[in-house]
Amino acid sequence: MAIIKPNNNTISAITALPAGVGGKVLQVVTATDSTARFTNSTSYVTASNTLSVSITPSATSSKVFVVVNTTAYNNNSGKSMSLTIYRDSSDLGNGTWGMINSYDTNTSGQRTIGQPTSMSVLDSPSSTSSLTYQVYAKTESGGETYFNYADIKASITAFEIAG
């Protein structure tokens, strides 16, 4: 099977997709955090100042795909915790429940320690300014939300996708 060379170019000479074809990854930024953290705030607060990335889209038509992997749980039986992703001051999830909401139904006294938790969102910011994407957390009154339990490494990655 032969390799087809578009317009008689080598594959490495192709630097852009044809007009009207989006989806090319233009840039990737990532950050990690390996420190156990918690909050008892009932309003969204930054989950970690280091679990944050800044990206400057190259065009207003670009989209930003954000992926977060961490661990999280609420330490109080019958209480819930929520995580979400913010772009600057805008909650990209549901304002009440965020993107992840977990309710602790354990009544045995043993905690579910550090459930694997993943969130993603495809954002259309229509901007060429620097944007900051960051994880925020909150808990139900009377509980505490823990994340990165036992110093498990969490990550946030933002991909600029050509529009």
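Predicted model: local features only at pLDDT ≥ 70, side-chain atom pairs only at ≥ 80, totals over all residues.
The phi angle of D88 is near 50 degrees, a positive value in a residue other than glycine. At 40% relative accessibility, D88 counts as partly exposed. A second residue with a positive phi, of about 50 degrees, is S126, which is not a glycine either. S126 is found in the loop between β9 and β10, and with a relative accessible area of 55% this serine is exposed.

**Overall architecture**

The protein has 12 strands and zero helices, so that, by the DSSP runs on which these elements rest, the order from the N terminus on is β-β-β-β-β-β-β-β-β-β-β-β. Among contacts in the protein with a separation of 6 or more, 79% are made by residues 24 or more positions apart. Of the 163 residues of the protein, 39% count as buried. The protein exposes about 8700 Å², and carbon and sulfur atoms supply 51% of that area.

**The nonpolar core**

Which residues of the largest nonpolar core touch the most other members? Within this set of 23 residues, they are V66, L83, I85, M119, Y133, V135 and I156. The elements that give two or more residues to the core are β4 (52-55), β5, β6 (80-87), β9 (115-123), β10 (131-139) and β12.

A search of the whole structure finds four aromatic pairs. One of them is formed by F65 and F159, whose rings lie 6.1 Å apart, centre to centre, with 35 degrees between the planes, a tilted arrangement. The pair links distant parts of the chain, since F65 belongs to strand β5 (residues 63-74) and F159 to strand β12 (residues 154-161), 94 residues apart.

Elsewhere, Y44, Y86 and Y136 form one aromatic cluster.

**The surroundings of E140**

E140 lies in the loop between β10 and β11, where β11 covers residues 145-147. At 31% relative accessibility, E140 counts as partly exposed. What does the side chain of E140 reach? The side chain extends to the backbone nitrogen of S80, at 2.9 Å. E140 is also 8.0 Å from S41 in space, C-alpha to C-alpha, although the two residues are 99 residues apart in sequence.

**Accessibility of the residues discussed**

The table gathers the relative accessible areas of individual residues described above.

| Residue | Relative accessible area | Class |
|---|---|---|
| D88 | 40% | partly exposed |
| S126 | 55% | exposed |
| E140 | 31% | partly exposed |

S126 is listed as exposed because its relative accessible area of 55% is over the 50% limit for that class.

Methods
Residues numbered from 1 in each chain as written. Heavy atoms only, no water. Phe/Tyr/Trp six-rings, centres within 6.5 Å; stacked < 30°, edge-to-face > 60°. Helix = DSSP H or I, 4+ residues; strand = E, 2+ residues; numbered from the N terminus. Core = buried A, V, L, I, M, F, W, Y, C linked by side-chain atoms within 4.5 Å. Buried < 20%, exposed > 50% of the residue type's maximum accessible area, 1.4 Å probe, protein only. Polar contact = N/O pair within 3.5 Å; in protein donor to acceptor, adjacent residues only side chain to side chain. Contact = heavy atoms within 4.5 Å. Areas by Shrake-Rupley, 256 points an atom, 1.4 Å probe, with all protein chains shown as cover.
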